[in-house]
Amino acid sequence: MLFSSLVFIFFYLPLLIFFYYIFKKRSIKNLILLTFSLFFYSWGEPIYLFLMLLSISSNYLIAIFLDKHRSNFNKHMMLLAVAFNVGFLFYFKYFNFFITNINNIFSLKIEFNEVMLPIGISFYTFQILSYVIDVYRKKVEPQKNILNLAMYVSLFPQLIAGPIVRYETVENEIVNRSENLDDFLAGFKRFIIGLGKKVLIANNMALIADTIMSNDISRMSSLWLWIGIVAYSFQIFFDFSGYSDMAIGLGKMFGFNFLENFNYPYIAKNITDFWRRWHISLSTWFRDYLYIPMGGNKVSQFKWYRNIFVVWLITGLWHGASWNFVIWGLYFGTILILEKYFIIKILQLIPNFFSHFYSIILIIIGWVIFRLEDMSLVFTYLKGMFFINKNESLYFYMENLNITNSFIYFIPAIILSTPLIKNIIDKNKENQFFILLYNTSLIFIFLMCIAKLLTSSYNPFIYFRF
Amino acid sequence: MRLDQLIKKISNLILIIPLVLIVVSSIMLISREPKKYSNIENRNLKSLPSFSFEDFFQGEYQSDLESAIADQFPLSQTIKKNMLSSENSISYYFSNVVNKIIGCENRYVKFLKNSYVFSCDDYLIRSPLDIEKRKNDLSKTLLPLSKINASTTFLYINSSDSIDFSEEKINDKFYDYIVENYFFENIDELEIKDWDTYKKYYYKTDHHLNHVGIQKAYEKIIRIYDIPSAIQPFKEIEFEVNFDGSRARTESFYLFKENFRVYKYNFFNFDTYINGVLKPYGNYDKYYNFKYDSTVGVNHYGSFYGGDVGELIYDTKRNELKNILIISSSFSNALNPLVANHFNKTFVIDPRHYSRDMNEEFDINNYIIKNEIDEVLIFFDITAILDEKFILEVK
């Protein structure tokens, strides 16, 4: 189920709020959240619900076992648990890709049944992994109540598109959270902001990006190629950060405090900074559960670079079973090494404008690789962007004036990519007139979203693929 | 209470509005009698589906419920219409500016989702389909039609889907291809060879031929059947109501203005049977008495001439004349009574709706024998030919 669907807004959410708040007992509230979350997941792909339940119950037992048997054997058991979860993810996400490449590389004809990718498997597997590893590291206590663990893993706000909420973040809130009207309304406001980002901005940016990229790229003018990829850059940011806002807001409505997942990534001064601001829950996950255990930067220079490459290779693969994602990961891995080696030192010497420009250009190039799965198209697109051509500019424009309306959304997209509005709100948070105006504008945004949802059938979330 | 505190309370109360709206809308969605049809979208609306595990596991229930909410949401049609209409108007005005700068002579400009304008004229049209990509699809409809056991005439309707007006020599490539590759005893076209003729024969915002285009088609048919004289309209009536055609309605774009105009004829007396039931077809008299709905978005074509039905029979009770079977889409709704003047019985079949309305499959050769049909007239444009719903099974 999508947050930006009419079923969610007009049936699922009011019913959940009703049943959640009529009961006072925490265990019943948790049971209701669990039931609704499982229903939320099964709405998209009912069959894969059993898979998730299998993963939850096996990891429940693994964590109990890890806690009870503390010995040298324990480490092997933990590695086995990691292998089980990674294997689980590998089979459903990478099996097709793996066999296809084996066939291509060795000219084989291994026949296989295509495995379908269950929604949100990357997110919930990473959450479960963090839980099992943290139990092993004694950072958290194993959850004795399987229903509570199931609720943590399947909690609907973050279940299918993140953020990756670690068990330690909500460990206490599972049994000891408090709900109040202020938090509920604050959460609802955050939900509306996320909905607006997704429905009003991301979807309009998608219309522009898709219209441009579905055409023959080799015949497009440089101007259109730039407009297309800038629109895609906004689309992916507002799509994903909008979803995270909705998830954080919904969590707050039910007493959970999830960590932030984005921090204005497009104002980053360098790529290292960008990855501290983009999909924070994923980058910190890789840092804590892969990069540091491999030695991080506390090793020889060669091993340090190796660690960075391995992490970014896997980051790329996490985004999808396709070579363009691998290249995208390695592209950023290379830039990060170069930045650590010398680029950041140079950037510190030049005016901020140039470092922002440097970052945004490299980020945009990254999105070209990310968006276009075919590498020959990537090269054609990049060539078209950087080697000015005036091909078919006029023809394309006349054929696609219907996307004109969407251009207006570049304005809020640019403004909301910076902390400008947040700063204004922070400065005026004690000014009740301002808050009244702000809340009124949120209602307007909400109504606009509903009107858009009624008129538009284009509503997919990009990050469901991962 | 201090002013600040009061405003704070109001601020919080304001946030309750969307929550109340959600609850009220949900209750209305469940409790209200579902709406059946949308004039604006020209389609049946979906009502809330009943739950079944089978549909749920196949994902059909989920998509049906989402569509049903979009269709049945309170004020859904008004919201959709106004939202799209205002967005499209912005696009239109913007395109006008662009056109003035760049020029639009002999050029297609697309400022709506699926419709174009040509040469900056206020006509919503389609861009021509690529014949090379559609050749294989043609045979699915045309091959069965060429096997009908009766004298068959095909009057092909040239439309903006099949003509490229920007070409130097305007030709309907689909028509030429059909003539070369399929055998029909008699085949002819409307002969739209330039943009001005198109504008003369078609409504500004509808996919159907207008009254002038229909008169032209009718005269063609009369010539094909060697009938000495076609009846002529004695009056052109212009209704003071804007004709919002199918393209205007589906795109929710109402800026192109054109009054609804019709020809008035002295028809021969006939009875009409709609799906076997004797009743009048169309609302000619109501319109002539100026009793029509003038709301924006009303389908005046269907309302005046009559809507789409599986079987329509005109009976002039002149046994000395032949019987004719017309196979067509809604294009013939305006044409049928004109043709019916020259035959004993005129049977009109819309293959899309026959089995739904008559509770039986349409077997054309059996139908011809059963109803003693002498002539078969096929009246299709390219979109009907390429639409699988028009494929006939000829035994």
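Biologist: How many helices and strands does the secondary structure of chain A come to?
Modeller: Chain A has 21 helices and zero strands; helices (H or I, at least four residues) and strands (E, at least two) are DSSP runs, numbered from the N terminus. The radius of gyration of chain A is 23 Å, close to the 23 Å that the globule rule gives for 466 residues, so chain A is as compact as a globular protein of that length. The radius is taken over C-alpha atoms, and the globule rule is 2.2 Å times the number of residues to the power 0.38.

Biologist: Before we go on, what are the conventions, and what kind of model is this?
Modeller: This is a predicted model, in which local features need pLDDT of at least 70 and side-chain atom pairs count only at pLDDT 80 or more, while totals for chains, interfaces and linings use all residues. Residues are numbered from 1 along each chain as its sequence is written, and chains are lettered from A and ligands numbered from 1 in the order in which they are written.

Biologist: What does chain A span, and what percentage of its residues is buried?
Modeller: The C-alpha trace of chain A spans about 70 × 60 × 50 Å along its principal axes. Buried residues make up 42% of its 466 residues; a residue is buried if 20 or more other C-beta atoms lie within 10 Å of its own, exposed if 12 or fewer, and partly exposed in between, with C-beta atoms placed from the backbone.

Biologist: Which domains are assigned in chain A?
Modeller: The assignment gives domain 1 (6-177) and domain 2 (183-465), with bounds from an automatic or database domain assignment. Their contact takes 25 residues from domain 1 of chain A and 23 residues from domain 2 of chain A; two residues are in contact if their C-beta atoms, placed from the backbone, lie within 7 Å.

Biologist: And which element gives the most to the domain 1 side?
Modeller: That is α5(A), with five residues on the side of domain 1 of chain A that touches domain 2 of chain A. The residues of that side divide into 16 nonpolar, six polar and three charged. Here Ala, Val, Leu, Ile, Met, Phe, Trp, Tyr, Cys and Pro count as nonpolar, Asp, Glu, Lys and Arg as charged, and the others, Gly among them, as polar.

Biologist: Changing topic: how many helices and strands are there in chain B?
Modeller: Chain B has 15 helices and 14 strands. Its C-alpha atoms fill a box of roughly 95 × 55 × 50 Å, taken along the principal axes, and 36% of its 395 residues count as buried.

Biologist: How many residues does the contact take from each chain?
Modeller: It takes 42 residues from chain B and 32 residues from chain A. On the chain B side, the largest share, 15 residues, comes from α1(B). That side divides into 26 nonpolar, eight polar and eight charged residues.

Biologist: Which residues of α1(B) are buried, and what covers them?
Modeller: The buried residues are Leu15(B), Pro18(B) and Ser25(B). Their cover includes α1, α9 (181-213) and α21 (432-455) of chain A.

Biologist: What about α3(B): which of its residues are buried?
Modeller: Those are Leu65(B), Glu66(B), Ile69(B), Ala70(B), Asp71(B) and Gln72(B). What covers them includes α1 and α21 of chain A together with α1 and α4 of chain B.
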